[in-house]
Amino acid sequence: MATKNESHDAEHEYSAGLAVVPADKIADPGLDEPHRVRMTDKSKKHEKAAANQVATWFLVSIVGSIAAIVFYFVFPISADLNTVRNNTFFVGISIALGMLAIGFGAVHWAKTLMPDAEVAEARHQTRGSEEVRARAIEIVNLANQESGFSRRKLIRRSLYGALALFPLPGLVLFKDMTTDPNPTETLRHTMWSKGVRLTTDPTGTPIKASDITLGSVFHVIPEGLNAREDKLEQKAKAAVLLVRLDPADIKSDKEKAWGYDGIVAYSKICTHVGCPVALYEQHTHHLLCPCHQSTFDITNDCEVIFGPASHPLPQLPITVDAEGYLVAKSDFHKPVGPSFWER
Amino acid sequence: MSTATTTSKKKGGFLAGTANYLDERVGMGGILKEFGRKIFPDHWSFMLGEVALYSFLVLLLSGVFLTFFFQPSQVPVIYDGVYGPLKGAEMSIAYKSALDISFEVRGGLLMRELHHWAALLFVAAAGLHMMRVFFTGAFRKPREINWVVGFALFVLAMAGGFTGYSLPDDLLSGNGLRIIDGMIKGVPVIGAYVSSMLFGGEFPGTHIVARLYGLHILLIPALILVFIAIHLFMVVIHKHTHFSGPGRRDDNVVGYPLMPVYVGKAGGFFFVVFGVLMLVAATVSINPIWLYGSYDPSPVSAGTQPDWYIGWADGALRLAPTHLEVVTGPYTWAWNILLPILVLVVFMVVVAFYPFFEAWVTGDKREHHVLDRPRNAPTRTAIGAAGMTFYAVLWAGASTDLIATHFLLSLNGVLTTLQISLIVAPIIAFLVTKRVCLSLQRKDREIVLHGRETGRIIRHPHGEYEEIHEALPAHEMYKLVDFVDYQPTIARPNAQGKITASARLRAAWSRFYFEDRVVPVTATELAEAQSHHAHAEVEAAPAAKKTTKKAIAK
């Protein structure tokens, strides 16, 4: 920038394309448009008043900043959450005052006391002058000649090869971001298997079939989940919603067979992008995902009836054990949760 | 301090000594000579970019404070802090430290809220700034590359926002990540593997918070800083654009000097932005994570909303029609996820490359430093309005459930309406905006040719009433006639005598853009109109007076 050539280089003529270059344009009256003279320029009294106002703002800022420090100590915080509110409020508004007052003062200063006449400065084309461009080309050619970059094909091509390959080790290094050798296989299995009891979420209490009244809903996790170290990962796949329907309402034979006396268990993980399908509408028997409103019909094997999801929630086959507690007959027969390529 | 400045030159006090010291070591004199009186044009809309820049500085400052207390670890602990309702609950260290910042560090809650509000404002201001640049044509040569840099900044701002939103490991942020996980899994072939790598195994895993933390506090802010540096460097190279007006041309820049006026205004404005954000942070609560609880994949709350700038992506997911998935053999094409992603990507690509497209259509290779008034580029303005409408429908899509519950509408009805609107509303917006622009241009012509309405009504001797129109002052008139006028072209054969497909396409686009253009008033037209008015006036007002006088005299 500093070496701007101020000599009389002719500006480059660019093509105007489809622009109509006006031959008959209304003349530019130039910069000297009528200018409203400010009171602070006309009267000493106003000028002085404005100066005082600016200084007052800066003084107000000082008061604000000091107040913020004082309030920090005057309003300590404790186990009483009101103290947090007071500290946040008083410290915050006084810091805000300290800043706003500087801002108002500075802007007021600029607008009332600094010159308000606009000035023009020449602007040059971004493109370098012919001389500069010629020199630039010369430099590139010289570098090319001295290094033999275009001439020495072998060097050039082997360099391209080397440059193309050198980032690859860096990419491979990221491989261990996961230690799972086969993620798609992992996605296919959950904690559920034959005989695992259905227990309530989050306490882990086993559920007796006889305790479930018609129309009630249970949020269910597999027995033993809470003791596992990877419980969030397991829960993200194994969470189940348990509903007791009137068997006469169930339209699907498979659903009846995999349930127990009208009690059916479906994966709670939405087949769209994996939010928990947590809302059950009792009178319509619809399950609704609160994230993107995919809606599943629990009387018809949880087919999708609305929203962006595409396939039904997988059903967990259940029965009761000797003591009357609900248990799984097996794992889900299909992968739960969002779709993936190999699903 | 001033006593220590006994330099050999002894030209002034401390200030002169410092200036001399700096000039002899960093060439401060040259820097000040070059930049000290640099001219910046003045317009309120030029402040939008400033707001974005200052919000980012606030983000850096408040963010550093937060890093001193936040611990990005997902190791489970039992909460024993001061917040009663969560006492004894199991949670990650990340969530606990976010709670501790809120309740056990003085000013911690203030800084958290400041950081969050500043992030919202950062993305909003950057978006408004982009729209200002678009609608005024500031992206034209030589600023096309700077538009792309600005676009990258906007995307980085969203990325910074989302990674930050995900750090506290509360229920909301966890569900947000769950959705990201689901979207990644839907990508053909690599989806499940990429998800597994991102989360370090199965979702949610114990790595994601620490990984996003690295991105959020190191990589993304560093990239934003680099891109801001490039962005501002190019502003210096090009010098700022100015709106058309008397004396404002493509080969000059009209405004106020950096020192002192802009240092005062822009420097002061930094404090105003900081102060306003601080005021909002002190008084308006945002993201009260303690109400949501620690992340657990099983519960979810209804009616939750992402931060505003993620809304359009969430809306795109919601608007996908049911049953889009296609199963081919053992493989699943999750079009219900791929289609929304495609829509978002295509929209962003169109935005990023628009300047190059318009340049191709106009074929105008000149530099443009005088901004367009939006009405003077009707088709571009209409395209912008259509784009904004498209974005707005996607954005509204993120709130289908809230729209339905708040206005007692059917959820299905709201969704279907928005699905249709996504295609129809931008077209309507385009047509309406274009017509409005053309009408405004005609109105401008009318005012230039026949003057502005004064509201003064006179009666002619023969009984006719007429409103007096007053010619505009030259400098005001010039603002209405100084704009670039393009005309459509026809496909012409090239040197080989062939009409290429590209030439045909360009001709078609040029018709689309400029077919129904309104041209600026020429000097001849103005002279004609003025002579007509002068003539009419001789016949009207003054003439009327004369005749009355004559009549009295007789």
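Buried residues account for 33% of the 343 residues in chain A. The model is a predicted one, and every value below was computed from it. Of the contacts in chain A with a separation of 6 or more, 56% are between residues 24 or more positions apart.

The overall form of chain A comes next. Chain A contains nine helices and twelve strands. Its radius of gyration is 38 Å, whereas the globule rule gives 20 Å for 343 residues, so chain A is more spread out than a compact globule. Along the principal axes, the C-alpha trace of chain A spans about 100 × 75 × 50 Å. The domain assignment divides chain A into domain 1 (39–112), domain 2 (130–174) and domain 3 (187–328). Between the C-alpha centres of domain 2 and domain 3 of chain A there is a distance of 62 Å.

Two sheets of chain A can be followed strand by strand. One is an open sheet of five strands, in the order S2-S3-S4-S5-S10, with antiparallel pairing. Its edge strands are S2 (198–200) and S10 (315–316) of chain A, each of which pairs on one side only. Within this sheet, strand S4 (residues 240–244) and strand S5 (residues 263–267) of chain A run antiparallel and are joined by five bridges. A:Val243, for instance, has A:Val264 in S5(A) as its bridge partner.

The other is an open sheet of four strands in chain A, ordered S6-S7-S8-S9, and its pairing is antiparallel. Strand S6 (279–281) and strand S9 (303–306) of chain A each have a single partner strand, so one side of each is left without a neighbour in the sheet. From one strand to the next, the twist averages 35°. Strand S7 (residues 286–288) and strand S8 (residues 295–297) of chain A are antiparallel and joined by three bridges. A:Leu288 has A:Thr295 as its bridge partner in S8(A).

The largest nonpolar core has 167 residues, and the members that touch the most others are A:Leu198, A:Val240, B:Phe122 and B:Leu277. Helix H5 (residues 108–135) of chain B supplies the largest share of this core, 16 residues. Leaving aside neighbours within four places in sequence, B:Leu277 is in contact with B:Val58, B:Leu114, B:Trp117, B:Ala118 and B:Leu121. Another core, of seven residues, lies apart from the largest one, and its members include A:Ile26, B:Val448, B:Val481 and B:Val521.

A few backbone details remain. Most residues other than glycine have a negative phi, and most peptide bonds are trans. B:Pro204 is in the loop between helix H8 (191–199) and helix H9 (208–238) of chain B. There, the bond that joins B:Phe203 and B:Pro204 is cis, with omega about -5°.

Positive phi values occur at A:Cys302 and at B:Lys239. For A:Cys302, which is not a glycine, phi is near 55°. A:Cys302 lies in the loop between S8 and S9 of chain A. Is A:Cys302 buried or exposed? A:Cys302 is buried, because 26 other C-beta atoms are within 10 Å and a residue counts as buried at 20 or more. In chain B, B:Lys239 is likewise not a glycine, and its phi is about 65°. B:Lys239 is found in the loop between H9 and strand S4 (242–243) of chain B. With 20 other C-beta atoms within 10 Å, B:Lys239 is buried too.

Note on methods:
Residues numbered from 1 in each chain as written. Chains lettered and ligands numbered in written order. Predicted model: local features only at pLDDT ≥ 70, side-chain atom pairs only at ≥ 80, totals over all residues. Pairing = 2+ DSSP bridges. Axes fitted to C-alpha atoms, helices over the stretch in contact; angles between N-to-C directions. Rg over C-alpha atoms; globule rule 2.2 N^0.38 Å. Buried ≥ 20, exposed ≤ 12 C-beta atoms within 10 Å, placed from the backbone. Contact = placed C-beta atoms within 7 Å. Domains from an automatic or database assignment. Core = buried A, V, L, I, M, F, W, Y, C linked by C-beta atoms within 7 Å.
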